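Please read it alongside the sequence and the model.

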Amino acid sequence: MPSKSFVSGGGRRIQTRRSDVHGNGVFAVQDIAEGETLIEYKGEVITWKEALRRHPHDPSQPNHTFYFHIDDERVIDGGVKGNAARWINHSCDPSCEADEQDGRVFIKALRNIAAGEELSYDYGLIIDEPYTKKLKAEFPCWCGSKNCRGTLLAPKSDEKKSKGKKKDKEAKSASKGKKDAGEARKEPKKKKDKDKSAKSLKSGKR
């Protein structure tokens, strides 16, 4: 049954229901304008140490999590005390973006979205190991867009650009605990303050 997920003065705007892309999805109930904030990605805020202890939530689906990286110390576990935001599917041609502000993550419309359209954003998953056909196949994308790259993993070129922009900051934080190699972490696009981009361990959906 569809679930009410975000309410504004104009009433319900989005709802959760089964998706043709994958598992559950989140859909616009009303027309949504570019730039609107649709929902906050909620969940229990935990440390990376605790996140790694909990992972994987389901041993039969080790690539499936609802983790959303805030910074080098905190992670949002959308599987605990979470909301409908955790069901938004990935797309290589997304209608939304994830924006981190002061430790909170918000899903915003990148363009006008028509009522009935499924919401999506680019997970931009990054894994700190060489991308092989086998690895890419473990994170398949079913968005069906013309620009579909066939995997939820972000191109390595994007990773290099991101690392270049954050080189100085990362050097200062090199002494902090780093995530285990092979863990996927989401790096959504931001319009500003990219040094504070949100990331996550969220990988395969449902």
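The notes below are grouped by topic. The model is predicted, so local features need pLDDT of at least 70 and side-chain atom pairs count only at pLDDT 80 or more, while totals for chains, interfaces and linings use all residues. Residues are numbered from 1 along each chain as its sequence is written, and side-chain values use heavy atoms, with hydrogens and water left out.

**Nonpolar cores**

- A nonpolar core is a set of buried Ala, Val, Leu, Ile, Met, Phe, Trp, Tyr and Cys residues joined through side-chain atoms within 4.5 Å; buried means under 20% relative accessible area, with a 1.4 Å probe and protein chains only.
- The largest core has 33 residues, and Ile32, Tyr41, Ile113, Leu119 and Tyr121 touch the most other members.
- Two or more residues of this core come from each of β3 (24-28), β4 (37-41), β9 (96-101) and β10 (104-109); strands are DSSP runs (E, at least two residues), numbered from the N terminus.
- A second, separate core of 5 residues includes Ile46, Ala51, Tyr67 and Val75.

**Open sheet**

- Three strands form an open antiparallel sheet in the order β5-β7-β6; two strands pair if DSSP finds at least two bridges between them.
- Its edge strands, β5 (44-47) and β6 (67-69), each pair on one side only.
- Antiparallel β6 and β7 (residues 74-77) are joined by 3 bridges, and His69 has Val75 in β7 as its bridge partner.

**Asp122**

- Asp122 lies in the loop between β11 (120-121) and β12 (125-126).
- Asp122 counts as buried because its relative accessibility is 10%.
- The side chain of Asp122 makes a polar contact with that of Arg149 at 2.7 Å (a pair of N or O atoms within 3.5 Å; within protein, one must be able to donate a hydrogen and the other to accept it, and residues adjacent in sequence count only if both atoms are side-chain atoms).
- A polar atom of the Asp122 side chain also lies 2.8 Å from the backbone nitrogen of Gly124.

Key. Buried < 20%, exposed > 50% of the residue type's maximum accessible area, 1.4 Å probe, protein only. Helix = DSSP H or I, 4+ residues; strand = E, 2+ residues; numbered from the N terminus.
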